Amino acid sequence: MKGLKAKLNDRIEILWNKKIYKSTVQDINHEELTINIPVAELGYLPAAVGEVLNIIHFQEDGEVYQYSEAIKARKNEGKLAYLIINYPNRALKVQRRDYVR
């Protein structure tokens, strides 16, 4: 993919039932992204495997991308929980203005 270049600790926001859940990228390979379980207002994202998430991805260089991907799997390591999603094939760059009049 030409535009999106995910890196560790990139911020992610997920829109779910009119709430915004926040997460970060924890692991990357060519086919998958592993993210923390998204959290909003002290609650975890109640999505199941197979459900499609609308994701806004903030890169450290300031670029913002939007895409939709399904939850591929859930993973637990000790007390930490993660979601695994497919690496996006299509991501739309979101235009952000640096200067507002």
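In the protein, buried residues account for 35% of the 101 residues. The structure is a predicted model. The protein contains 9 strands and 0 helices, and the order of elements from the N terminus is β-β-β-β-β-β-β-β-β. The radius of gyration is 14 Å, in agreement with the value near 13 Å that a compact globule of 101 residues would have. Along the principal axes, the C-alpha atoms fill a box of roughly 45 × 30 × 20 Å. Of the contacts with a separation of 6 or more, 49% are accounted for by residues 24 or more positions apart.

Strand β1 (residues 11–16) pairs with strand β2 (residues 19–28) in the antiparallel sense over 6 bridges. Within this pairing, Leu15 has Ile20 of β2 as its bridge partner. The two strands form a hairpin with 2 residues between them, and Asn17 in the turn has a positive phi of about 50 degrees. Strand β2 also pairs with β3, again in the antiparallel sense, over 3 bridges. A hairpin of 3 residues joins β2 to β3, and the bridge partner of Asp27 in β3 is Thr34.

Thr34 lies in strand β3, which spans residues 32–36. The relative accessible area of Thr34 is 6%, so this residue is buried, the cut-off being under 20%. Leaving aside residues up to four places away in sequence, Thr34 touches Thr24, Val25, Gln26, Asp27, Lys75, Tyr82, Leu83 and Ile84. Asp27, one of these contacts, is also the bridge partner of Thr34.

Strand β7 (residues 64–77) takes part in several pairings. With strand β6 (residues 52–58), β7 pairs in the antiparallel sense over 7 bridges, and Val52 has Ala70 of β7 as its bridge partner. β6 and β7 form a hairpin with 5 residues between them, in whose turn Gly62 has a positive phi of about 95 degrees. Strand β8 (residues 80–86) pairs with β7 in the antiparallel sense over 6 bridges; here Ala73 is bridged to Ile84 of β8. Ile84 is also among the residues touched by Thr34. The hairpin formed by β7 and β8 has 2 residues between the strands, and Gly78 in its turn has a positive phi of about 65 degrees. Strand β9 (residues 92–94) pairs with β7 in the antiparallel sense over 3 bridges, with Val94 of β9 as the bridge partner of Val64.

Glu60 is located in the loop between β6 and β7. With a relative accessible area of 64%, Glu60 is exposed, the cut-off being over 50%. Apart from residues up to four places away in sequence, Glu60 touches Lys7 and Asp10. Glu60 and Ala47 are 13 residues apart along the chain, and their C-alpha atoms are separated by 27 Å.

Methods
Residues are numbered from 1 along each chain as its sequence is written. This is a predicted model: local features need pLDDT of at least 70, side-chain atom pairs count only at pLDDT 80 or more; totals for chains, interfaces and linings use all residues. Side-chain values use heavy atoms; hydrogens and water are left out. Helices (H or I, at least four residues) and strands (E, at least two) are DSSP runs, numbered from the N terminus. The radius of gyration is taken over C-alpha atoms; the globule rule is 2.2 Å times the number of residues to the power 0.38. Buried means under 20% relative accessible area, exposed over 50%, partly exposed in between (1.4 Å probe, protein chains only). Contact means heavy atoms within 4.5 Å. Two strands pair if DSSP finds at least two bridges between them.
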